[in-house]
There are 4 protein chains.
Amino acid sequence: MEESVEDVTVHRNMSVNDLIEAYRKIHGFVASEIAKATDILKEMINKADTRFLTFTGNLIATGLRGIIAQLIRNRIFNVVITTCGAIDHDIARAFGGKYQKGYFYANDEELKERNIHRLGNIFIPLESYGPLIERTTYRMMDEILTSTSKNEWSVYSLLMEFGKRIKDENSILKAAFDANVPIFVPGIVDGAFGTALFTYSQLKKFKLDLLSDMKKLSDIVFGAKRLGALIIGGGISKHHAIWWAQFKEGLDYVIYITTAVEWDGSLSGAHPREAITWGKVKPKAKRAIIYGDASVILPIIASQIL
Amino acid sequence: MEESVEDVTVHRNMSVNDLIEAYRKIHGFVASEIAKATDILKEMINKADTRFLTFTGNLIATGLRGIIAQLIRNRIFNVVITTCGAIDHDIARAFGGKYQKGYFYANDEELKERNIHRLGNIFIPLESYGPLIERTTYRMMDEILTSTSKNEWSVYSLLMEFGKRIKDENSILKAAFDANVPIFVPGIVDGAFGTALFTYSQLKKFKLDLLSDMKKLSDIVFGAKRLGALIIGGGISKHHAIWWAQFKEGLDYVIYITTAVEWDGSLSGAHPREAITWGKVKPKAKRAIIYGDASVILPIIASQIL
Amino acid sequence: MEESVEDVTVHRNMSVNDLIEAYRKIHGFVASEIAKATDILKEMINKADTRFLTFTGNLIATGLRGIIAQLIRNRIFNVVITTCGAIDHDIARAFGGKYQKGYFYANDEELKERNIHRLGNIFIPLESYGPLIERTTYRMMDEILTSTSKNEWSVYSLLMEFGKRIKDENSILKAAFDANVPIFVPGIVDGAFGTALFTYSQLKKFKLDLLSDMKKLSDIVFGAKRLGALIIGGGISKHHAIWWAQFKEGLDYVIYITTAVEWDGSLSGAHPREAITWGKVKPKAKRAIIYGDASVILPIIASQIL
Amino acid sequence: MEESVEDVTVHRNMSVNDLIEAYRKIHGFVASEIAKATDILKEMINKADTRFLTFTGNLIATGLRGIIAQLIRNRIFNVVITTCGAIDHDIARAFGGKYQKGYFYANDEELKERNIHRLGNIFIPLESYGPLIERTTYRMMDEILTSTSKNEWSVYSLLMEFGKRIKDENSILKAAFDANVPIFVPGIVDGAFGTALFTYSQLKKFKLDLLSDMKKLSDIVFGAKRLGALIIGGGISKHHAIWWAQFKEGLDYVIYITTAVEWDGSLSGAHPREAITWGKVKPKAKRAIIYGDASVILPIIASQIL
């Protein structure tokens, strides 16, 4: 009855699909969760009508941005929840920001003098970030307010307008517009884009209406039949997805990709099984938790669910 | 010139102050950072006029809530940034919510059936959380709107009104009101309190004005002479404090208490030295990073800076 | 001059080689280290005559055992350092031990009653472990002592004799015998095999001569031209490889795959750059550190260096 | 019936005993484990006749060395299992080695040029380590072999002879000699002391007899009535203690202090509950697991159990 761990071998021309089948046989310890998660996501795509993708902002500073755009464009996921930082990096990169390959153990005081921000092992020249995002946001906002004559905006609909005006196929905002997938940013005020909206609102007639975002999310969740989620990282994006899922008796499918520890009691490190007690994940939900960096894990999984 | 590691001994009646002096001598590996952080915070209290405290919501579900209230009440910190979850737990506990000692490896499906939420190793009966927070928020909001005739609120000023109406000395909202310390919650929509405000706004004439919070934070930061911060945990609270600090050339004093890893490139795991490259921490700032659970670290440090 | 992060896309039929090229472009955060490590290992295979592979015992309880055997059989690595646990699992599985797919959150008291050991998410029936290893070791020892008339043994040469007598192609002991790759186990007394040797030595005339192992390792290191190492996990296996490398001015190529934190000052979490100060890694060594579970990382890398 | 989480306050003159009582009330998340562990250890001291202390070598490079010596000297623990590195640092420091306060983010290539080893945030001049340990070991060995006329030694009895010849009260070897507590080092060949013994054995008539160490451990375990253990860190020291405990149906009391993750299936990260399935910890054992750096945790706990 019990299935045995199986020794595997590998070869140079193996495919990622072969890799996942090897993971399944290897079983221990994270490998088997990747195989399991891939199965769950495949079923989720077929059976859940409402599929959340959540992630932290740092990922959009990496080449994962293209994969995330791909997942959105193909409506593998049809609701996105993320941070203001993700929007910042997406706008910066869509409008020519240079994100360069760097390293973790840089001399940070020297980088500061050279006006280069460090995000993990990525170097971002100052002029590719804050000023570029502010300038772009202002210009876009002028266009949007002029063309729509609307002065109060929910975040998700404002981001749709931004996506409409972006040419970069790897942009998550463009992909979301193209595929009509709403992007929610519950912590919108926390970053360059949010700050630009704030300073813009001091200059022009403009207001954010976050309660409309909640209304939209509420409509999505209450209108859903079955809910699934791929939750990459922790923080507000993770919590917001499972928070809303509770109003529909919880997620039916859920995958966490995380590096956070469980023992500090943080939401970021909490397992899907904790979420069951809050009604955020159904007791019978199909679920997996994958420990590791999303930059490694997501390409493997994404390739098999597209 | 170089100082040597010194072997220490301990005794049953030693004080926490003795403990910190022992940490200083022990030196390796996290111990020395605690001694250093305590020194930095003491200097910060004397020299920085604007002192941020940021923390994640889970801590308010524990007995650390009393210590955090104490730090606020004594204006050791005079600006607070936290999550909606922190407000949720503070309100729930101020109004009779029962937070019970539990354990991590519970049978979560059974807890679900018994209507008990699990937050790490804390058990929270359902009726002590969602319904209690919603009911209390509605009642408070009615009172506040009636007594003030004001329908549009920044979050920090609304929380002041809540604090004014709380009797519990261990409440962070009450302590913040008593000490006139603003509490900012950039992700206010993400939790029970935010959801209650949303549903309330569907019933009554009420609006949140988050841009006023930004205005207030902006005034605080631009009016500051020297900035300090004790940053407990990651996520939006951490980022928001250092984000705003950049507009005043960065923090002069900064302590991180964290369990997050640096290698995944997340903001939560990023070191103070990364923040230097963003102008969020001054190159000459006094800084320390303490790895460990805040439930262990904070009581030690807090006792010496009060 | 600086290279930019590049957005990537993935597709269902991509190869593992494509995956690594995607990692290179994604850059942040662990992804780029995998691409870099693969390059370093390829160069190491060409340029270093002495190539260490070290790993912890738990991996041999998984299907990685086949891959590790493959790496040894092909002399990708020509010196192995591991733990007694690795030998235990290799013998158990070579002689019919049933290692079954289980899960982490089992009821451990119930498993205990059913005489099933749990190793992470792998279930091992008691009769597949201790008794099987003891019985097999005794029988083998009788054979070996009889056929060789030698009563004092270095560990590496005794393990060669075991490998000679194993039929299982996925056995690391058999692969090491077939490829004439010595396996060193500096902590040989710590496990089932070591304990069986000890009890055997109480019954029969037999002695272990660990100093001969050191002599052999010493000959290998002093006879080496260039040293490389793939170090999976921490503990004694990791330390032993870098410890010996210092006597030849350090490793020229080194890759760590780890989940351990640096901040606790442990050897397991120490970076290659710390090893430079000890002369264990050359200042100019090519080096990478990959954070993550070896069950995920090793199949990817191994497939490209075979 | 259920106990509630209690809000606490702290004050400048509080004692470490007050701190632990605060931890008990705070409850979440690691705090409560410290209070629990202290209770368990107090009971263990009264009820278990055989009490293991295991730790990794890096701790002996810090000022914790004094506390560990104190715990041994007072026979709070009466069996020690550790690594060769611990012996290295103990000998180096007992004979004038200078261990200096350093920092993690040093320029390691520069340290290398200055002949300074880095161990986490501790700097150790080369002349305070390898050469000093070798010279001291040779001199001691000459004395010991001459005075005893014994040429084959178990590790624990050889270490007793070393302890007898050390004057430093903070030395764990001296404390172990003074209190007649055996120190076992299953991986004795892995470090400076072990290497010095090996080179010494090439020059003089001398042999290590590790099987005698096993015999002694076996006698201790089979002669024990109740077993307890404080296990600091992972690796071979941890495994060796629980490995031997299985032969007496497992530990009755066990505390782990660790930073290792459970999800990679390593022995270092495995919880006490996994050890139950192996018979290494009794199902009814009193047990706790404390996540954090021992440099912070041990002084707190040690002060209350002395």
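In which helix of chain B is B:Gln304 found? B:Gln304 sits in helix H13 of chain B, which covers residues 294-305. The structure is a predicted model, in which local features need pLDDT of at least 70, side-chain atom pairs count only at pLDDT 80 or more, and totals for chains, interfaces and linings use all residues. Residues are numbered from 1 along each chain as its sequence is written, chains are lettered from A and ligands numbered from 1 in the order in which they are written, and side-chain values use heavy atoms, with hydrogens and water left out.

View 1. Helices here are DSSP runs of H or I with at least four residues, strands are runs of E with at least two, and both are numbered from the N terminus. B:Gln304 counts as buried because its relative accessibility is 1% (buried is under 20% relative accessible area, exposed over 50%, partly exposed in between, with a 1.4 Å probe and protein chains only). Among the residues that B:Gln304 touches are B:Val16, B:Ile20 and D:Arg12, leaving aside residues up to four places away in sequence (contact means heavy atoms within 4.5 Å). A polar atom of the B:Gln304 side chain lies 3.2 Å from the backbone oxygen of D:Arg12.

**View 2. The interface of chain C and chain A.** Here 64 residues of chain C are in contact with 64 residues of chain A. The size of an interface is often given as the accessible area lost when the parts come together. Between chain C and chain A the buried area is about 5,300 Å², and carbon and sulfur atoms give 57% of it (the accessible area, 1.4 Å probe, that two parts lose on being put together, summed over both).

**View 3. A salt bridge between C:Asp7 and A:Arg65.** The closest N and O atoms of this pair are 2.8 Å apart (a salt bridge is a side-chain nitrogen of Lys or Arg within 4 Å of a carboxyl oxygen of Asp or Glu). The count between chain C and chain A is six salt bridges.

**View 4. An aromatic pair of B:Trp243 and B:Phe247.** The pair is edge-to-face, at 5.9 Å centre to centre and 85° between the planes (rings of Phe, Tyr and Trp, its six-membered ring, pair if their centres lie within 6.5 Å; planes under 30 degrees apart count as stacked, over 60 as edge-to-face and the rest as tilted). B:Trp243 is buried, at 4% relative accessible area, whereas B:Phe247 is partly exposed at 29%. Ring pairs link both into a cluster with A:Phe198, B:Phe222 and B:Trp244.

Definitions and conventions: A polar contact is a pair of N or O atoms within 3.5 Å; within protein, one must be able to donate a hydrogen and the other to accept it, and residues adjacent in sequence count only if both atoms are side-chain atoms.
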